[in-house]
Amino acid sequence: MNFFLTILLLVACLALTWRFLGSYMAAVYEGRVSFLGWLERPTYRLLGVDPQREQSWQRYAGALIVYSGVAILLLYGMFRLQGSLPGNPAHLGAVAPALSWNTAVSFVTNTNWQNYSGESTMSYLSQMGALAVQNFVSASVGIAVAIALVRGLVRRESSTIGNFWVDLVRGIYYVLLPISIVFAVIFVAEGAIQTLAGPVSVHDALNGVHQVIPRGPFASQEVIKQLGTNGGGSYNANGAMPFENPTGLTNFISVFLILTIPISLTYTFGKMVGNVRQGVALLAAMTILFGVWLGVATYAESQGNPAVAAAGVKHQPGGNMEGKESRFGYSQSTLYNIVSTQTSTGSVDSANDSYTPIGGMMLLSGMMLGEVTPGGVGSGLYTILVFAIIAVFLGGLMVGRTPEYLGKKIQSREVKLAALAALVMPITVIVLTAIASALPAGRAGALNAGPHGFTEILYAFTSQGNNNGSAFAGLNGNTAFYNISGAIAMLLGRFAIIVPVLALAGVLAGKQVVAASAGTFRTDTPLFTGLVIGVIIIIGALTFFPAVSLGPIVEQLIHGRFF
Amino acid sequence: MDRVVAAGPAPKSKELARGVARSRGLFDPEIIVPAAGQAFKKLDPRVQVRNPVMFVVLVGTVVTLVESIVHPGLFDWSITGWLFLTVVFANFAEAVAEGRGRAQADTLRKMRSETEARKLLPGRGEERVPAASLAKGDLVVCEAGDLVPSDGEIIEGIASVDESAITGESAPVIRESGGDRSAVTGGTKVLSDRIVVQITAERGQTFMDRMISLVEGASRQKTPNEIALTILLAALTIIFLPVVVALEPFGHYAGANVSVVILVALLVCLIPTTIGALLSAIGIAGMDRLVQRNVLAMSGRAVEAAGDTQTLLLDKTGTITLGNRMASRFIPVGDTGEEELADASQLASLADETPEGRSVVVLAKERFNIRERELGAEHLFIPFTATTRMSGLDFDGRKIRKGAAEAVKRWVVEQGGAVPPDLDTIVESTSRAGSTPLAVADGSKILGVIELKDVVKEGIRERFDQMRSLGIRTVMITGDNPLTAAAIASEAGVDDFLAEATPQAKLALIKHEQEGGKLVAMTGDGTNDAPALAQADVGVAMNSGTTAAKEAGNMVDLDSNPTKLLDIVEIGKQLLITRGALTTFSIANDVAKYFAIIPALFVAAYPQLKALNIMGLHSPTSAVLSAVIFNALVIIALIPLALRGVRFRAMSAAQILRRNVLIYGVGGLIAPFAFIKLIDLFLTAVRWY
């Protein structure tokens, strides 16, 4: 399909869901929808939860951490005992300890970084009972945190920010499951694989080759993989594998599913705070940044491979096709991967490692902005709200008023928590990359030497620190060093941000609302959108400029000019 | 609002007129020289650690110093020197700001001479004791010529007091026991009569003591916004530590040897040193600007709250209108001519010494050139009494009276005259317009009405328009009836008014506004204002007011000029804007510094990175040195801005923001490219690299 037509159609579909899914989610989290009460009530009884009882931020965060800890242990146990558990027609053995640990953390933190090939490592039980379940639950956790923060902004002098268990369950039942069921049927219709029958052996008599083709219940996983911005493929090739992503239509739907919840949440936010324009201002910031990144990357890929050009090939009419599927071409592939890296999804339909230096830099730097364009489900909204609070603080000072966001004064405690939430990711990524590039164990993982190898390491930690999960490839991550350090990056990138964000929600909820006046710095205007963009770019650029200049920038310069 | 006893001598000089606050040039040598010394004294790490940003610079300087000693070289020593200067410049900025306050405190201290107090003993005897020994509750006697030894309340007597020591206003004021004019301040001088004062201040806690420590900055505490900003600056410092330290292994991976000195230089350039260096100077200078307007803020918190004010409660009298009503029009009734009425009115007012009476004489002269005249021996002034509610003059057989319309009507009827039919209409319409009608009669004939009008201060309407554009609602407080209040409110252009205001109604209004999440500022002077002053977020007590009022408020206006509230709001806003603007500037500067230093760091390993040297700086060492020199000099260059504050204009929030983002954001992005290049050219020319 024509690239611009694709974009137009995508925008039209997203605009529709933005409005309707957005207001539906507001209704879900404000408790105005209850048609699945018959399913909810037994669930709460099972969990031993009183759905009427709200939690303080400490209890909310406590429940979230305890739940996540238990989930990590459960997943770890399932992977280790995989060989003795049922649902394993391919008779796959136990997953190694370090890899089990990394993978358990990866799926619970909504990262879906995979230091393994799904088809040759995970049994059906592990895929369905561990990974797919976490694809739903970790996504719902992300939305819950975002909603809790929005409640903090809305509520006045309240000591509670909602009930974690209720938000978790409602997110799964009312939002994620229904959409997944509908779209899984489309994926199956398009040819994605969905079976419990185990691998098939194929004997190709003509060539005399015997082949085992892994199969599994993967179409159903595919939708939540995208919808929940998880990104963990059932196959190693992820979205480039025809069994996962069979056609141009599924490719398009994948892109749509990835974007739909993060984008619609800005409407939910606007609706909950009683002014949709507030959500539009944030959506505009997300969209502008996303557009720039997509434009630059697509242009870079259209220019072809600089190494090929250096070898004397004058014309590369198909753009840079190294590592891309001919089914999709460079533009659709770039769209898929840019969408996936800017949403903390991390699924890919082409090899990141083979992008042009500039194309690769856009994939990398999209994550470095903190995954807010539009970011992962929930995490995108709560992270951009953190940036918005910092922007409000600077903007508020510049107009001579104690800064306030949506009537809530932004004072030292709020600044402290917002700064903490904004700093965790860059510090995690930079420190771990520094350690990896200094230690032999870290250097051993990189496939390439020089700046490209450095980019591989930097990318790995940027991806895990942002709970993205996409791999630049080229890096051998299945080592004790990378499994453990990567898990640390994922845990910090998730929970060291969620806890201050929930604290922020609690502090804000307890505050009185200040009345707006003409002297109030408005946060639903293009000016504010510009300020938020400025803060996101400045924080991202200032922290990562040196590292990026030693990776993709110098690599591009070695190949020639910048553009 | 003070009652002036006598027309005192005009203020002796401009300096005195401004009271304690002597305005000084930004670079007054009296301040600069000691500040330079202070800048070095403040290098004490125990002082530096309070400012996280500058502490990192100090530690960095020590690191480069060690490097320079181990591997001596011009470059390393130059960097060390400039990093050291960066810290010194920051200290200097603070010292200059403090110096301006200290100079004022010294002036005050000289005034607080060692006074002797005449302490009253229980047995009515007197004892001379040093003022410093007085305790709260002691009784002292002050007579003409005595200095009031400490703050207190007059419990007996009345006196005229020269308060120029604290207000700069040389006209004496009346202080008397009971009522709202009973407070006296230590250091002021009793000019006449005898008073007994009960001391209300603890030792060392007098108004003067507090004032000295305030202007000196000794009791300065960080304000809420300043703390929040410090946290953000600390966060920006913390983030750049790993960013810079990581360049060591990154460089190692790339095969580059990374110099520790350059890393420290990069770190110092990246952390927000500009705002970090100037932050405390901005705060001190903000208080100083208030003091220069003769306002004492009891805390920086109050100054910040002033900038946030959304509702201003302003007393009508003295703030919005001039203190007294003035005759504005002669309205004749019946067949009387206007000049005839003016003539009679002038006669009736000749002996009337009240401001209202004087204004009638003035108006008659202005309108019809009727001069004061010699009255023959045969005349009798009729003074105003509360029962007759009239005053006037019997002269040449005429009985001229002026007074409240009802009283004059009754009097005319008693004289056998009739009330003209149009009188009531005129009286009513005059009242409705917010003015006071005075009827004038000559014998049995009512001549007409003098309209006494509340005169709205000149320029006040424009001030309120400015306030409105800043999103501040103004509410006029008055004891007048709602009709009169509405008329004056619309003339002055306030947004709302509270008529027939009682202290309870005021308090209720403040609480109501605050419940809506608004911050309220008000002025007050009476004891009955104290609860409202305490309840308001910004309570400005008039220095002429009672001790209770002054203790309840969080600011005191030494000039007792309620209009000052508007200035205070602007100063509060300016304080925040200056901080925000310099923070933005500081962060925006980083971009240019990266382009100077990153290529310099790695150009040996990757010669292609030369492409990032977009300024075309001469060499890696000159590039780094230029960036560091720029980083240090910009502090000095911005001291005047920090002390004076960013120019503040009454504009909407969006306009202010757009303007400041343009000047300090975009400007901060571009300016360093030019200046770093210039410094580099200079260093190249003198071969210092």
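1. Let's start with some rings in chain A. Tyr60(A), Tyr67(A), Phe164(A) and Trp165(A) are joined by ring pairs into a cluster. Do keep in mind that you are looking at a predicted model.

2. How many aromatic pairs are there over all chains? A search of the whole structure gives 22. One of them is Phe3(A) with Phe4(A), an edge-to-face pair with 5.7 Å from centre to centre and 70° between the planes. Phe3(A) is buried, at 15% relative accessible area, whereas Phe4(A) is exposed, at 63%.

3. Now turn to chain B. The ring centres of Phe630(B) and Phe675(B) lie 6.3 Å apart with planes at 20°, so this pair is stacked. Phe630(B) sits in helix α24 (residues 620-644) and Phe675(B) in helix α25 (residues 653-685), so the pair ties together parts 45 residues apart in sequence. Phe630(B) is buried, with a relative accessible area of 5%, while Phe675(B) is partly exposed at 44%.

4. Next, have a look at where the chains meet. Contacts join 59 residues of chain A to 57 residues of chain B. Between them the two chains bury about 4,800 Å², and 77% of that is on carbon and sulfur atoms. On the chain A side, Met398(A), Leu542(A) and Leu550(A) lose the most area to chain B, together 15% of what that side buries.

5. Which side chains form the salt bridge between the chains? They belong to Lys409(A) and Asp308(B), at 3.7 Å from N to O. The count of salt bridges between chain A and chain B is one, and five residue pairs are in polar contact. α19(A) gives the most residues to chain A's side, 15. That side divides into 39 nonpolar, 16 polar and four charged residues.

Methods:
Residues are numbered from 1 along each chain as its sequence is written. Chains are lettered from A and ligands numbered from 1 in the order in which they are written. This is a predicted model: local features need pLDDT of at least 70, side-chain atom pairs count only at pLDDT 80 or more; totals for chains, interfaces and linings use all residues. Side-chain values use heavy atoms; hydrogens and water are left out. Contact means heavy atoms within 4.5 Å. Buried area is the accessible area (1.4 Å probe) that two parts lose on being put together, summed over both. A salt bridge is a side-chain nitrogen of Lys or Arg within 4 Å of a carboxyl oxygen of Asp or Glu. A polar contact is a pair of N or O atoms within 3.5 Å; within protein, one must be able to donate a hydrogen and the other to accept it, and residues adjacent in sequence count only if both atoms are side-chain atoms. Helices (H or I, at least four residues) and strands (E, at least two) are DSSP runs, numbered from the N terminus. Ala, Val, Leu, Ile, Met, Phe, Trp, Tyr, Cys and Pro count as nonpolar, Asp, Glu, Lys and Arg as charged, and the others, Gly among them, as polar. Rings of Phe, Tyr and Trp (its six-membered ring) pair if their centres lie within 6.5 Å; planes under 30 degrees apart count as stacked, over 60 as edge-to-face and the rest as tilted. Buried means under 20% relative accessible area, exposed over 50%, partly exposed in between (1.4 Å probe, protein chains only).
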